[in-house]
Amino acid sequence: MYETPLPAQLSDSNRRIIDTSATTLRVYQVWKGSNRFCLGGRLVFGPDVRSIFLTISLIVIPVILFCAFVSQRLIHELDHHLGNLIVSILIIFTVYDLILLLLTSGRDPGIIPRNLHPPELEEDGSTMSTDWLGSQSGVGVPSLPPTKDVVVNGVIVKVKYCQTCMLYRPPRCSHCSICNNCVERFDHHCPWVGQCIGKRNYRFFFMFVSSTTILCLYVFALCWVNIKKIMDEYHSNVWRAFLKSPVSGILILYTFVTAWFVGGLTVFHLYLIFTNQTTYENFRYRYDSKMNPYNRGCVRNIFEIFFSKIPKSKNNFRAKVKLDSSALFAASISLARTMSPEMPKTSFDIEMGKRQAVAAEDFEEIQSQIDSVGGLERCGTQPRHTNQGDKANWEMSPDIRMLAAEFGMEPSFNDRQKVRRGH
């Protein structure tokens with residue numbers, strides 16, 4: 001109803017965003033989740049993507065140490081062709097492990113797109129709870145139920161409504177609080193890969209964990225071979241052999257500890273695959289004590305994970321979107337908030353054009369200004385001032401006027417000004 005003027009004080013970056021044509025923006029540029037995008041939206045990471053560099057260093061540094069300090073003695077002691085083959089296998093397997101890490105971390109794990117509006121009460125064939133239907137009797141506009149029933153393999157499963165994404169989550173879907181997305185077949189959010197593990201990258205995650213276990217055992221075994229060669233050559237015990245090759249001792253200790261961690265994780269996920277569970281379901285629902293509606297038998301469960309076709313992403317992050325000028329301004333402010341944590345806590349909803357949520361101190365400041373104006377109007381003994389300084393107090397700045405318009409205060413302020421001029 002009331003046109004809200006943009007603030008006069010805009011940064012150059014905000015002005016450039018507002019002046020840019022709406023068709024030049026893409027989905028990843030206005031994405032409402034916490035994901036990080038690279039290569040123009042082709043790679044999708046989680047908000048903690050920096051942890052992937054730690055994971056890479058934990059894999060690459062031991063391999064470099066092995067090639068620099070241990071492999072030379074093995075090549076010399078063993079046949080040259082055999083020694084070169086051992087080192088080549090190690091390097092190839094390391095590259096393979098890093099590729100699996102990138103495939104796990106840099107792709108859409110199965111994000112379900114958000115709705116632009118809440119769904120209808122009976123948008124699909126699912127049934128609502130009878131208790132909820134009874135509680136809504138006599139209510140003019142019934143609200144959406146928090147859950148609804150869905151039949152999976154003959155078993156009734158309750159699915160929840162996500163207030164953030166404005167959709168009923170499909171079975172096995174959950175909302176990741178870190179990435180701020182609903183993920184299909186949500187397993188967990190892995191900080192080591194900086195990404196959610198879901199339907200589209202679980203296979204690569206398991207292959208990454210299992211190949212890392214094999215890589216650790218491979219380096220562990222070769223380091224012991226090197227220690228054994230030193231013991232035979234110098235007729236020494238184990239401790240003296242470690243002194244002759246301290247890097248071998250360090251790598252043996254490191255790979256032993258790491259193999260226990262990633263090896264245990266591999267065994268645990270093998271159990272989940274055989275029983276068709278996710279980590280989230282295993283910790284929350286405990287299907288051991290009741291029937292698992294997704295368990296189709298060991299063979300079919302393995303086939304579903306390793307030999308089924310990976311579904312296409314439901315999001316086209318490089319698709320162009322059309323936004324009006326106000327939405328572009330909201331997007332620029334939202335982007336600036338992520339860049340500067342000291343900005344006021346104001347959130348903008350681009351998709352729905354919801355009202356801007358303003359911090360309590362900003363709201364109180366607006367209210368105090370308007371109340372002060374109303375207080376002067378109501379007080380008949382207050383003298384009327386006409387100098388320039390008081391005139392400035394009666395006029396609201398564009399920033400305050402914009403915030404007042406969001407809360408519907410500007411019309412009442414204008415009415416008060418008309419009453420004042422009439423007097």
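**Entry 1: the whole chain**

I counted elements first: the chain has 14 helices and ten strands. I note that the model is predicted. I then looked up how much of the chain is buried, and found that buried residues make up 41% of its 423 residues. The accessible surface comes to about 24600 Å². Carbon and sulfur atoms account for 60% of that surface. For contacts in the chain between residues at least 6 apart in sequence, I found that 63% join residues at least 24 apart.

**Entry 2: helices α2 and α7**

I turned to a pair of helices, α2 (residues 51-77) and α7 (residues 246-275). Their axes come within 10 Å and cross at roughly 150°. An angle over 145 degrees counts as roughly antiparallel, so I wrote down α2 and α7 as roughly antiparallel to each other. The crossing of α2 past α7 is left-handed.

Which residues make the contact? From α2 I listed Leu-58, Pro-62, Leu-65, Phe-66, Phe-69 and Val-70. From α7 I listed Val-247, Ser-248, Leu-251 and Tyr-254. Sorted by kind, the contact residues are nine nonpolar, one polar and no charged.

**Entry 3: Ile-75**

I stayed with α2 and picked Ile-75, which is found in this helix. Is Ile-75 buried or exposed? Its relative accessibility is 15%. Buried means under 20%, so Ile-75 counts as buried.

I also looked up its neighbours. Leaving out residues up to four places away in sequence, Ile-75 touches His-80, Gly-83, Asn-84 and Val-87. Last, I checked Leu-85: Ile-75 and Leu-85 are ten residues apart in sequence, and their C-alpha atoms are 9.2 Å apart in space.

Technical notes: Residues are numbered from 1 along each chain as its sequence is written. This is a predicted model: local features need pLDDT of at least 70, side-chain atom pairs count only at pLDDT 80 or more; totals for chains, interfaces and linings use all residues. Side-chain values use heavy atoms; hydrogens and water are left out. Helices (H or I, at least four residues) and strands (E, at least two) are DSSP runs, numbered from the N terminus. Buried means under 20% relative accessible area, exposed over 50%, partly exposed in between (1.4 Å probe, protein chains only). Contact means heavy atoms within 4.5 Å. Accessible areas come from the Shrake-Rupley method with a 1.4 Å probe; for residues, only the protein chains shown count as cover. Axes are lines fitted to C-alpha atoms, for helices over the stretch in contact, and angles run from 0 to 180 degrees between N-to-C directions. Angles under 35 degrees count as roughly parallel, over 145 as roughly antiparallel, 65 to 115 as roughly perpendicular and the rest as oblique. A crossing is left-handed if the near helix is turned anticlockwise from the far one by less than a right angle, and right-handed if clockwise. Ala, Val, Leu, Ile, Met, Phe, Trp, Tyr, Cys and Pro count as nonpolar, Asp, Glu, Lys and Arg as charged, and the others, Gly among them, as polar.
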